[in-house]
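Dear colleague,

I am passing on the model we spoke about, with the sequence and the coordinates together below. After it come my notes, arranged by topic, and I would be glad if you read them beside the structure.

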Amino acid sequence: MISTQLPALQIVVPLLAAPLCVIVRHPRTCWIIALVASWITFAVSIGLFIEVQNIGVISYAMGNWAPPWGIEYRIDSVNVYVILIVSSIGALVSSYALASVNVEIDKDRHYLFWASYLLCLTGLLGVTITGDAFNIFVFLEISSLSTYVLIALGRNRHALYAAFRYLILGTIGATFIVIGIGLLYLMTGTLNLYDLSSRLGDMSLTQPQLAALAFLTVGISLKLALFPLHLWLPNAYAFAPSVVTSFLAATATKVAVYLLLRFAYDVFGKSQVFSELPLGEVLLVLSIVAMFVASTVAIFQHDIKRMFAYSSIAQIGYITLGASFASQTALTASVVHLFNHAITKGGIFLLLGIVAIRLGQPTFKKIEGLGKLMPWTSAGLVICGLSLIGVPGTAGFISKWYLVLAVLEKGWWWLALMILASSLLAVLYVWRLVEAMYFSKTEISTLNTGASPSLSMYIIASLLAVSCIFFGFHTSFSVDGASEAAKALMEYTNR
Amino acid sequence: MSDNILISLVIPLLGAILIALSNKRQNLRECITLVTAVCLLIFNIRLLSHILNGDRPEFFLLEIFPNAGLSLQIEPLGMLFALIASSLWVVNSIYSIGYMRANAEKNQTRFYVCFALAIASTMGIAFAGNLITLFLFYEILTLCTYPLVTHHGTAQSKAGGRIYLGILIGTSIGFLLFAIAWTWHITGDVDFSKNGIFSEEQFQGLIPLVLLALYIFGIGKAALMPFHFWLPAAMVAPTPVSALLHAVAVVKAGVFSVVKIIVYIFGISNLASIDGTQWLMILAGFTILSASVVALRSDNLKRRLAYSTISQLSYVVMAASLFAPIAIVGAALHILAHAVSKITLFFAAGAIYTASGKTKVSELDGIGKKMPITMAAFTVGALSLIGIPPAIGFISKWYILSGAISSGHMFAVIVIIISTILNAAYFLPIIYAAFFKDAKQNEANHGEAPVSIMIAITMTALLTLVLFFFPDIALNLGNQLAGISER
């Protein structure tokens with residue numbers, strides 16, 4: 001009984017928990033509500049994953065209104081993978097968060113934080129799970145609005161500015177998306193993605209359909225911070241509370257990438273947008289530029305969270321690069337990097353959250369000598385850093401290997417060289433961190449706030465750091481799931 | 001039997017963990033290092049008997065990609081390399097204890113931990129069954145030797161560390177990983193196998209040539225020009241690191257990988273049959289000569305030794321690039337010969353520094369009278385590298401030379417002759433000055449270095465001589481490698 005309702009539970013649980021927080025208001029109780037809700041959400045997503053593995057695509061009619069008239073939740077091997085990433089990170093971050101939130105956010109705003117956190121989780125999961133175009137827009141707005149709140153909760157005054165900037169740019173992005181969806185509805189009379197895809201057919205696209213595709217692509221690209229639409233991201237990541245940064249870095253951009261994949265390969269799939277239209281080339285070039293420019297900018301940052309924010313933009317470049325040419329291996333690389341980058345970057349920002357409790361906002365000046373003061377945290381940062389570079393034995397290597405293979409399959413050896421060369425830029429910024437932590441003489445000064453990182457922070461952060469190594473050797477979950485997703489996407493284009 | 005291979009990796013790894021747990025108790029920590037080193041050596045000697053019988057034990061650890069994962073396999077060259085590294089680790093540990101204590105170095109626990117990890121990854125490289133495994137341990141070796149290079153934490157050692165890491169990681173990710181991925185793309189296979197993994201159709205046109213170049217330049221640890229700068233830069237490390245890692249483990253991991261890839265990925269007969277591979281021999285020859293000239297002009301003793309290492313490493317690469325079985329035997333032997341000789345020389349340099357604080361060649365006048373044992377050992381090592389009997393260096397040079405003559409590569413023959421003269425030119429003046437010149441006035445009086453240093457230095461010097469008379473095991477392994485004999 002319950003298993004047939006899993007798709008609804010996935011959204012309903014965090015959605016109902018959010019207002020509960022506002023009613024309760026007591027900081028600690030709110031945390032417990034969020035904790036329970038996010039772990040139930042995670043359990044539900046595992047259930048969905050197993051179900052999709054066993055029976056294939058799940059179609060769930062919301063409120064029993066039959067699709068395409070009602071809202072359909074449609075779960076295939078593509079979005080279940082993303083759902084699993086989002087919900088697992090959601091659960092881990094909420095288990096980690098208590099001590100960090102206590103330090104970084106005013107006590108009387110905790111209930112707002114937890115409510116927005118749960119709404120953001122709801123929104124991201126909703127965007128991923130739903131099979132309805134307008135529903136996508138609604139959930140996207142839920143997640144975006146709650147994200148603006150989450151960022152603005154940062155104590156630093158810059159956080160307000162960063163949130164406002166994201167608000168403006170995010171709204172433009174959302175507007176583009178809704179225009180795109182509106183055009184599609186106008187041309188086809190349906191909002192159901194599955195229906196849309198069959199109605200768009202394999203005829204060449206009409207002018208309004210092309211316009212819809214363009215609006216959607218630009219809007220989604222803004223959300224996923226594709227270069228040069230990334231301007232909102234660095235400050236948002238740098239000045240948001242640590243918990244928020246970890247959660248966003250691991251999930252928000254991933255969901256946007258999923259949307260891009262969904263529209264490009266499924267909804268517009270038969271039109272072969274990447275091979276027939278110049279979209280593939282545009283995405284390819286922008287990804288390459290992102291890989292190089294963002295990594296280079298990262299090297300010159302003083303603020304460590306900002307540095308890793310720029311690194312995220314570069315890493316998103318790898319993901320969109322894999323998405324930009326339609327091949328099984330490339331899509332596998334792209335999807336598996338969604339996962340590998342989520343655990344790597346999530347781990348990094350969680351570790352930085354621990355550092356922030358002891359030292360305040362981590363900058364290169366402040367962390368000199370961190371290796372002595374916090375040996376485990378520093379070691380974790382090194383491990384995640386290696387995964388970011390793509391050193392063999394870490395998760396990052398797996399994605400890079402598939403990406404290079406995919407490029408070689410195309411015969412583009414120059415691109416393979418560029419991918420590898422850009423990982424050398426990651427060596428530079430990661431090694432700046434290593435040198436500062438381990439090989440500088442200055443005595444480190446800690447804050448006297450009396451706060452100290454809790455055990456759960458250490459456990460969750462090290463869990464992610466260890467998983468960077470674990471998934472560098474055991475690829476049966478990460479790669480198999482990704483290649484299933486890639487296979488599904490490739491099939492949609494020939495449906 | 002076959003899962004025993006894993007134990008070779010686990011022993012030093014376990015040692016590293018125990019050292020880390022020893023909680024800075026000096027005696028306990030160094031005791032663990034020594035016991036671990038001896039255990040590893042005994043274990044590798046037990047493995048040796050299987051290899052000499054012609055066995056090729058394999059062990060599959062886990063699958064990372066379809067059909068490729070972590071797998072270990074012992075073949076003759078890997079066995080030889082593992083034996084060299086593990087036996088010299090024992091000696092080096094004895095030496096380290098004396099050196100690190102006498103010079104009151106800081107962070108000694110980190111030093112011993114990283115050292116044990118470096119040996120563990122060296123074992124991984126030696127016993128790698130495919131390119132992925134080789135690459136994994138190759139990178140781990142770079143990463144865990146980096147803290148040893150920057151050990152002192154000064155601006156100079158940080159700069160050295162940057163060059164070290166930059167060149168080694170840069171070349172390996174930029175070229176080696178690319179070459180491995182490309183090989184996988186072409187052949188669908190990354191396992192080392194006897195006559196190479198390329199079929200005849202795949203071995204056409206430019207591709208094998210480009211791949212060869214990618215592999216050669218990708219293996220920065222082989223210190224072939226122009227990617228040799230990291231080795232002199234790494235000399236900022238404490239001397240035991242320079243001795244074992246930058247004369248034996250790390251650099252040998254480089255040339256070992258070069259030889260292994262030439263023999264087991266390309267296949268020497270395959271490479272011998274195509275045109276356009278001569279550049280490798282010429283580049284190696286150029287590296288031999290120019291590095292020798294730089295060595296001749298260096299006044300800093302460790303720098304001179306470092307450039308001498310660059311030149312000697314290229315002997316191995318040049319021998320492999322002749323693609324002749326007898327030269328391959330020479331390459332294998334030279335890995336051994338250079339290891340024992342150069343570690344002796346580094347030990348001597350460290351002993352001189354510890355006893356007198358001197359680091360420059362020009363300061364060594366008359367030091368042979370104060371430190372006779374050290375300088376005698378230095379002489380043995382130097383003679384071996386010049387190629388004068390009775391030292392092992394003579395045998396390896398002999399094999400390389402006969403390989404060059406029998407395959408008709410006069411260029412290689414000339415390079416060997418000129419470089420022998422250059423070797424003599426940069427080593428003999430040191431020996432002459434040490435024994436026959438008078439010390440400068442008003443110099444502090446000092447004797448030999450601490451006793452554990454002296455034990456270590458005597459052992460390696462004797463080994464250099466003994467191996468000349470008993471090179472059978474190394475020869476046997478070399479012959480198996482080159483396919484001259486089956487067992």
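To begin with one residue, is A:Asn64 buried or exposed? A:Asn64 is exposed, with a relative accessible area of 72%, where buried means under 20% relative accessible area, exposed over 50% and partly exposed in between, computed with a 1.4 Å probe on the protein chains only.

Before going further, please note that this is a predicted model, in which local features need pLDDT of at least 70 and side-chain atom pairs count only at pLDDT 80 or more, while totals for chains, interfaces and linings use all residues. Residues are numbered from 1 along each chain as its sequence is written, chains are lettered from A and ligands numbered from 1 in the order in which they are written, and side-chain values use heavy atoms, with hydrogens and water left out.

Backbone

Most residues other than glycine have a negative phi, and most peptide bonds are trans. A:Asn64 has a positive phi, near 60 degrees, and sits in the loop between β1 and β2 of chain A; helices (H or I, at least four residues) and strands (E, at least two) are DSSP runs, numbered from the N terminus. That loop, between β1 (58-61) and β2 (72-75), also holds A:Pro68, which is joined to A:Pro67 by a cis peptide bond with omega of about 5 degrees.

In chain B, phi of B:Phe323 is positive as well, near 55 degrees, and this residue lies in the loop between α12 (301-321) and α13 (325-356). B:Phe323 is buried, its relative accessible area being 9%. The peptide bond from B:Met225 to B:Pro226 is cis, with omega near 5 degrees, and B:Pro226 belongs to the loop between α7 (207-218) and α8 (230-233) of chain B.

Domains of chain A

The domain assignment, whose bounds come from an automatic or database source, divides chain A into domain 1 (1-267) and domain 2 (278-490). Taken over C-alpha atoms, the centres of these two domains of chain A are separated by 22 Å. Their contact (heavy atoms within 4.5 Å) takes 42 residues from domain 1 and 51 residues from domain 2. The area buried between them is about 4000 Å², of which carbon and sulfur atoms give 78%; buried area is the accessible area (1.4 Å probe) that two parts lose on being put together, summed over both. Of the area that domain 1 buries against domain 2, A:Tyr81, A:Tyr96 and A:Tyr265 supply 20%, more than any other three residues.

In chain A, A:His337 is found in helix α14 (residues 328-359) and counts as buried at 6% relative accessibility. Leaving aside residues up to four places away in sequence, A:His337 touches A:Gln315, A:Tyr318, A:Ile319, A:Ala342 and A:Ser399.

Cavities and a pocket

On a 1 Å grid over the protein atoms alone, a cavity is a set of points where a 1.4 Å probe fits but cannot get out, and a pocket is an open set with protein on both sides within 12 Å along at least five of seven lines, lining residues being those with an atom within 4 Å of a point. Grid points are joined across faces, edges and corners, and a volume is the space filled by probe spheres set on the points.

The whole structure has eight cavities of 30 Å³ or more. About 100 Å³ of space lies in the largest cavity, which is lined by 13 residues, with A:Arg74, A:Asp76, A:Leu193, A:Arg262 and A:Asp266 nearest its centre. The most, three residues, comes from α10(A), and the lining divides into five nonpolar, three polar and five charged residues (Ala, Val, Leu, Ile, Met, Phe, Trp, Tyr, Cys and Pro count as nonpolar, Asp, Glu, Lys and Arg as charged, and the others, Gly among them, as polar).

The second largest cavity holds about 80 Å³, and α5(A) gives the largest share of its lining, four residues. The residues lining this second largest cavity divide into six nonpolar, three polar and one charged.

The second largest pocket has a volume of about 460 Å³ and is lined by 22 residues, of which B:Met235, B:Val236, B:Ala237, B:Lys302 and B:Thr359 lie nearest its centre.

With best regards
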